[in-house]
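Here is a short briefing on a structure, meant to be read slowly with the model in view.

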Amino acid sequence: MAKENNQAISQKPAGAMKHILSFVFMIAFTAAAFFVVISDKVPSGWVVPLLLIFAVIQVILQLFTFMHLDQKGSAFYTIFIVFGIFVAVISAVGILLM
Amino acid sequence: MGTLIVILVLVLFLAAIFTGGYNKQFQERVRKSRTWDWLTTVDHKKIGILYLMAGLVFFIIGGIEATFMRLQLFVPGNDLFVGRTFNELLTMHGTTMIFLAAMPMIFALMNAVVPLQIGARDVAFPFVNALGFWLFFSGGLLLNLSWIFGGAPDAGWTSYTGLALNQYSPGPGVDFYVLGLQIAGIGTLIGGLNFLVTVINLRAPGMTFLRLPLFTWTAFVTSGLILFAFPALTVALLMLMFDRLFGANFFDYTMGGSTVIWEHLFWIFGHPEVYIVILPAFGVMSDVISTFSKKRLFGYNSMVFATVLIGFLGFMVWVHHMFTVGLGPISNSVFAVATMAIAVPTGIKVFNWLFTMWGGEIQFKTPMLWAVGFIPTFVMGGMTGVMLALPPADFQYQDSYFVVAHFHYVLVGGTVFGLFAGIYYWWPKMFGKLLNETLGKWHFWTFLIGFHLTFFPQHFLGLFGMPRRVFTYQTNVGLEKLNELSSIGVAGMVIGTILFLINIIYTLRKGKKAKADAWELGRTLEWSIPSPPPEYNFAQTPLVRGFDALWVEKEAGNKSMTPAEPLGSIHMPSPSYIPILMSLGFFVAGFGFIVRGIPAAAIGLIIVVVSLFLRSFDYDKGYHVEPEDPEKGGKE
Ligand code: HEM
Ligand SMILES: [Cu+2]
């Protein structure tokens, strides 16, 4: 398996580039999240929304590049992830509102 | 400190064994022994048997606890088991039955049957499968050790934090609940994941999703429910652990916490959980009823649809356990409607079973008896469910014996009957011998009558105002007769269970040998291979040409399945001791946390990490076996 993957990547340098790029983005966003919390330049009301935004972007990047959601034949993963999000949202909204 | 030393010695002792501190011969002997074979097996058929045996043991323990409770309630003002002891019995009964009896027996059937029904040689992750079993077992053991180490949990199986926090339940009882369930829960979660991947990836050629036998479908949906529901329990238990062990205040309202959060999290898990245990029973019923009616299952597609719909809706109804919490009329109404909606797909299933039987050549073998007994019993439980789903009415029923009657009708009349049907049906496939029919029928009738005698009066006890979870009641308030009847009924279930155990022992000694197609009516793939199957299940992967794959071939006049591949050597995974080692690590860690011995907990976690490490650098690629040619010389 690992071997096949390596070949696929070496044949398509664009794929490797994408991985490296999103890896850099990951680190950048993580660092930014730390900065938002540590620094006193960011108004405190913004901290939580900013963190949430960073988190969402990171999750999406993570899913599409490293978890290969952009490839064909991922219908099952998509179904399960969407249902997972659905259940989580219902539960969270339920607990918050009630 | 004493406990710590004992644990240390135990760990050193085990380390000595695993690293060859004893001489080579000893190691060799251990490795060849049958016990070692069972402890390290990764074969889904053996793991199924382990699950079944462990589940039965816990079923008996839970049953003894229940019998004690009914003895206490036999007469008013009794003082056999009172106060805290009664609460402990009650909590351990519920927890044991749901998590340590029903769940493992469901996994037993899933392990024994699902790979065979889809034409696979094993589950997708045999190692994870073994790990799941050992984690469940060590969690269950830890929970039950509470009886000897300072008292069992006493806050109910729902462990509402108004009863479960340190100030309300002093002593280690609830800690055992928290850590025991956490460990067993990890095992269940990875077990569920395993079956999802197995069903998605390992189906034989031609086995499309709409040709899966219904038991496999329900196993699939149940695994999905496990995947989405158990994390809620994990989170809730973790928070409770922090509250009790490390002084956090998630649930302590005097410190700004909220006990309602626990209730939400518990029921977000808890309601799907009741569907996790009932759906496989539905699957068993569908297979059993169609086999013994000698008919194709009526409305297969609608059955699949109903299964998926029940699974989906199961996540949107949890608040029906919290109607009286005071969440407001809007929440209550929304969740009441959603709850009643579930009765629709359930009704679809009931009618499909009836239509399957209609006009069939019915044979009342023991599994079929359980299935036929199941239908009216379960319908009664569903009926009371819909009654409870009406919030204004639920304000009356809530926390009374009426609820107790409801959930025993669905859990015993549904899940346990389903499990018994499945055990009788697939026993020949698991063990190669048929359970005795006469004893089986006695088991069924005594259990059925005992069950109804016990739980039918409880509806009225509830309506007459007897609260649940109380250890006694007074004379002259009209509760004596019904309680007496209810306690007498237990005898029926006890006798039935004893007959079942006798049946097992009798069958293992001199039961009738089972043929490949043990009931001679087999419709699905598991009946196309010897009983018990060889370790590789299918010498050649079968080619599936329709729903009820074996029946299709039988109708076409073929004696066996058409193979989809030439005969060749088969790759098998090697046995491994790491699952049991890792579970031991979790067990030690859990015990350490409970006795507040952080060093012991650390040792346990170190064992876990070491096992993870060993596993990561384990380059064992398994081995190959040459299958026996089924045409010449092969069995059957
Ligand atoms: C038609 C389907 C069903 C409906 C409408 C329904 C509805 C309800 C409602 C409203 C309650 C809460 C009662 C109260 O506490 O006041 C309840 C409790 C319960 N139900 Fe059901 N139910 C259904 C099926 C099932 C099934 C299939 C199972 C399990 C196999 C089940 C197991 C339970 C359990 C264990 C409880 C009690 C939990 C506790 O408080 O300890 N129910 N049900
Ligand atoms: Cu429920």
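Across the interface of chain A and chain B there are zero salt bridges, a salt bridge being a side-chain nitrogen of Lys or Arg within 4 Å of a carboxyl oxygen of Asp or Glu. The model is predicted, so that local features need pLDDT of at least 70 and side-chain atom pairs count only at pLDDT 80 or more, while totals for chains, interfaces and linings use all residues. Residues are numbered from 1 along each chain as its sequence is written, chains are lettered from A and ligands numbered from 1 in the order in which they are written, and side-chain values use heavy atoms, with hydrogens and water left out.

**Where the chains meet**

- Eleven residues from chain A and 18 residues from chain B take part in the contact, where contact means heavy atoms within 4.5 Å.
- About 1300 Å² is buried between chain A and chain B, and carbon and sulfur atoms give 93% of that area; buried area is the accessible area (1.4 Å probe) that two parts lose on being put together, summed over both.
- In chain A, the residues that lose the most area to chain B are A:Phe80, A:Ile95 and A:Met98, which together make up 47% of what that side buries.
- The side of chain A that touches chain B divides into eight nonpolar, three polar and no charged residues, with Ala, Val, Leu, Ile, Met, Phe, Trp, Tyr, Cys and Pro counted as nonpolar, Asp, Glu, Lys and Arg as charged, and the others, Gly among them, as polar.

**The metals**

- B:His320 is buried, with a relative accessible area of 15%, whereas B:His321, at 25%, counts as partly exposed; buried means under 20% relative accessible area, exposed over 50%, and partly exposed in between (1.4 Å probe, protein chains only).
- The iron atom of ligand 1 has B:His406 (NE2), at 2.2 Å, as its only protein donor, and this iron atom and the copper ion (ligand 2) are 4.4 Å apart.

Methods:
Donors = N, O, S within 2.8 Å, 3.2 Å for Na, K, Ca; no water.
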